[in-house]
Every structure is written in structure tokens, then in C-alpha cells.
Amino acid sequence: MRYAVLVTGPAGAGKSTFSTAFATHLRVSKRTAHIVNLDPAATGDAFEYQPAIDIRELVTLDDVMGEMNMGPNGGLVYCFEYLLQNMDWLEEELGGFDDDYLIIDCPGQIELYTHHPFLPQLVRNLQRMSIRICAVYLLESQFMEDRYKFFSGVLSAMSAMVNLEVPWINIMSKMDLVSGSSSDTFEPRNGKRGKRDIARYLDPDPMLLVAARDGRDQQRDNGRFHDLNRAIVQLIEDHPLVSFLPLDLTSTDSLETVVSHIDFTMQYGEDEEPKEPHDLDEGDFTDME
């Protein structure tokens, strides 16, 4: 059985960094892991490891923009259309990996996950190849600075979950940039927050949208925003699909927790045959005498 993890999320969420840390953790654990790059716009130094499969060997965004006179967004859409038209290339590339863990680093254009059909079609093709799939969606902890921005991220994650229809884990990345202790002497880049406040974002509390407003929010408050917020609150309460695992890549325990959730979601190893112990002979007991 082959396993694949789609690493998705908006630009700047830390997908490539997470993919590298994920692969390193699996290799340290004596598990076989390979990075697959599906970002045709990735730069040469984006990965610590050389990707085992790289879409840039098939098509690059720079070439499409230069030859087709397209912008970056249109060029990226063309690249994925070209990939789907050449799935035999990807199937051939994947043919050499058996019983391996494939970490698929995806682009940061959010529309690819929320409403375009490309990734759902890609998922169906991978499942046809008997690859067990799950997806992770990374949202940067910086989103917690503005509750309106945060809930736009929650809704994007929910939309991507519904669009892809695969086992799913949402991750709040870069938690090392958020302090959970009031005793810290430095001011974290993404704000100093207590554990109780962080918990309201990891398990999104829709009441954050209707909480007491500060002066800045009062200026932009009107009836339409109020009605929209109430509708969003109702949607999240009726469909509590989104919660986040905190990820601090400076903590081995934090990464191990995320990996264990991914393994459990994909039921990693459940189809493996039990290994027979080797036969014992008299020589195996010499150290015990």
C-alpha cells in the first residue's frame, strides 16, 4: 500500500517547510518518505531534499507565461490542465514507489483547492492507482491577529474540505511565533496570546465574530456586516467541520503529534502483513549467559 499526503493551504503558510520537516521526521523514524513537488512555480532552493517527482520536469510556470503570454494565475491553471492531460507521465513517475510515503507539496493558490476541479481529479487518479490519500491544510498563526481574516481562512479550509472529499487535517502552522505564556520576555511576531485564547482559534469559536468590538471595528460596523457575521456564525455552528492542530516545528513533540494524526487518518500500516520473527538458535543466547 502506498500513502500520499497532499500538503495544501494559502501562500506563505509554510507548506514546503512542513514537507521538509515531515520527510526528515519519517526518515529518522526509519520510514521511507519522498517529496513530490506539484508547484510549477517553485524556485530551485525551495526544498532541502531534491523532490523525487517534480512537475517542473513536465511543465514550468515561467515557460507557460513566456510562451502563452499568460499571467501567473492563468499560467498555473494551464499547468494543472496540462498535468491532467498527461497523467500517464505522473503514473509512470509513481510506478517506482511501493509501500512508500509520498508528501505532495501543492501550490499556494487557494482557488485550486476551493472551486477548481483540478485537485479533485488528481485525487481520483491517485486513488485509481491504489494510493491511500489524506490532505493537510495549513493556516498560518498570523491569521489569529484579525478574527475576520481568521474566519475567512476557516471558510476557505471548509470549502477545500468539501471540494476534495478526502480525509482531512487542518493545521495551525508557525505556532512558535505565538507565545502561550505571559512570562515570555520577548514579543512574538504574531502576538502574545494565552492558552485559553489560542484554544478559541484551534477549535474555532464562532462567537469571536460577535464579541465586543474594538474602536477600529466600530467604524466599519453596519447592518450588512452584522447580518453577514450572523450567517457565518450559524454556518460554522451548524457544520463544525474545522478544527486545527497546532504545529511548532521547533518542537519534536508537536511534529510527532501531527504525524500521528496523519497516520491515524490514513490508517497507516493497517493493511501490512505481520512480519515473522527470525528463528532462534543457540547463538542468540550467548549474551545472556
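**Exercise 1. Which residue just after H1 takes a positive phi?**

Solution. The model is predicted: local features need pLDDT of at least 70, side-chain atom pairs count only at pLDDT 80 or more, and totals for chains, interfaces and linings use all residues. Residues are numbered from 1 along each chain as its sequence is written, and side-chain values use heavy atoms, with hydrogens and water left out. Helices (H or I, at least four residues) and strands (E, at least two) are DSSP runs, numbered from the N terminus. Just after H1, lysine 30 has a positive phi of about 65°.

**Exercise 2. Check the span of helix H1 and list its buried residues.**

Solution.
- Step 1: the expected span of a helix is 1.5 Å times one less than its number of residues.
- Step 2: helix H1 covers residues 15-28, which is 14 residues, so its span should be 20 Å. The end C-alpha atoms are 20 Å apart, in agreement.
- Step 3: buried means under 20% relative accessible area, exposed over 50%, and partly exposed in between (1.4 Å probe, protein chains only). The buried residues of H1 are Lys15, Phe18, Ser19, Thr20, Ala21, Phe22, Ala23, His25 and Leu26.

**Exercise 3. Describe the surroundings of lysine 15.**

Solution.
- Step 1: lysine 15 belongs to helix H1, and its relative accessible area of 7% makes it buried.
- Step 2: contact means heavy atoms within 4.5 Å. With neighbours within four places in sequence left aside, lysine 15 is in contact with Val7, Thr8, Gly9, Pro10, Asp105, Cys106, Pro107, Gly108, Tyr113 and Leu138.
- Step 3: for glycine 108, the separation from lysine 15 is 93 residues in sequence and 8.3 Å in space, C-alpha to C-alpha.

**Exercise 4. Give the strand order of the open sheet and identify its edges.**

Solution.
- Step 1: two strands pair if DSSP finds at least two bridges between them. The open sheet has seven strands in the order S3-S2-S4-S1-S5-S6-S7, with parallel pairing.
- Step 2: the edges are strand S3 (53-54) and S7; each has a single partner strand, so one side of each lacks a neighbour in the sheet.
- Step 3: strand S2 (residues 33-37) and strand S4 (residues 101-105) run parallel and are joined by five bridges. Alanine 33 has tyrosine 101 in S4 as its bridge partner.
- Step 4: strand S1 (residues 2-8) runs parallel to S5, with seven bridges between them. Here valine 7 stands opposite valine 136 in S5.

**Exercise 5. Follow the chain from S5 to S6, and state how both strands are covered.**

Solution.
- Step 1: strand S5 (residues 131-140) and S6 are parallel and share six bridges. Glutamate 140 is opposite serine 173 in S6, and leucine 139 is opposite methionine 172 in S6.
- Step 2: between S5 and S6 the chain passes through helix H7 (residues 147-164), a right-handed β-α-β crossover. Right-handed applies if, with the strands pointing away from the viewer, the path from the first strand over the helix to the second runs clockwise.
- Step 3: S5 is largely enclosed by the rest of the structure, because ten of its ten residues are buried. One side carries Ile131, Ile133, Ala135, Tyr137 and Leu139, and the other Arg132, Cys134, Val136, Leu138 and Glu140.
- Step 4: S6 is mostly covered, with six of its six residues buried. Trp168, Asn170 and Met172 point one way, while Ile169, Ile171 and Ser173 point the other way.
- Step 5: S6 also pairs with strand S7 (residues 244-246), in the parallel sense over three bridges. Methionine 172 has proline 246 in S7 as its bridge partner.

**Exercise 6. Classify the ring pair of tyrosine 78 and tyrosine 82.**

Solution.
- Step 1: rings of Phe, Tyr and Trp (its six-membered ring) pair if their centres lie within 6.5 Å; planes under 30 degrees apart count as stacked, over 60 as edge-to-face and the rest as tilted. The whole structure has eleven aromatic pairs.
- Step 2: the centres of tyrosine 78 and tyrosine 82 are 6.4 Å apart and the planes are at 15°, so this pair is stacked.
- Step 3: both residues lie in helix H3 (residues 72-85), four residues apart, and are therefore separated by about one helical turn.
- Step 4: tyrosine 78 is partly exposed at 26% relative accessibility, and tyrosine 82 is partly exposed at 28%.
- Step 5: one aromatic cluster is formed by Tyr3, Phe18, Phe22, Tyr101 and Tyr268.
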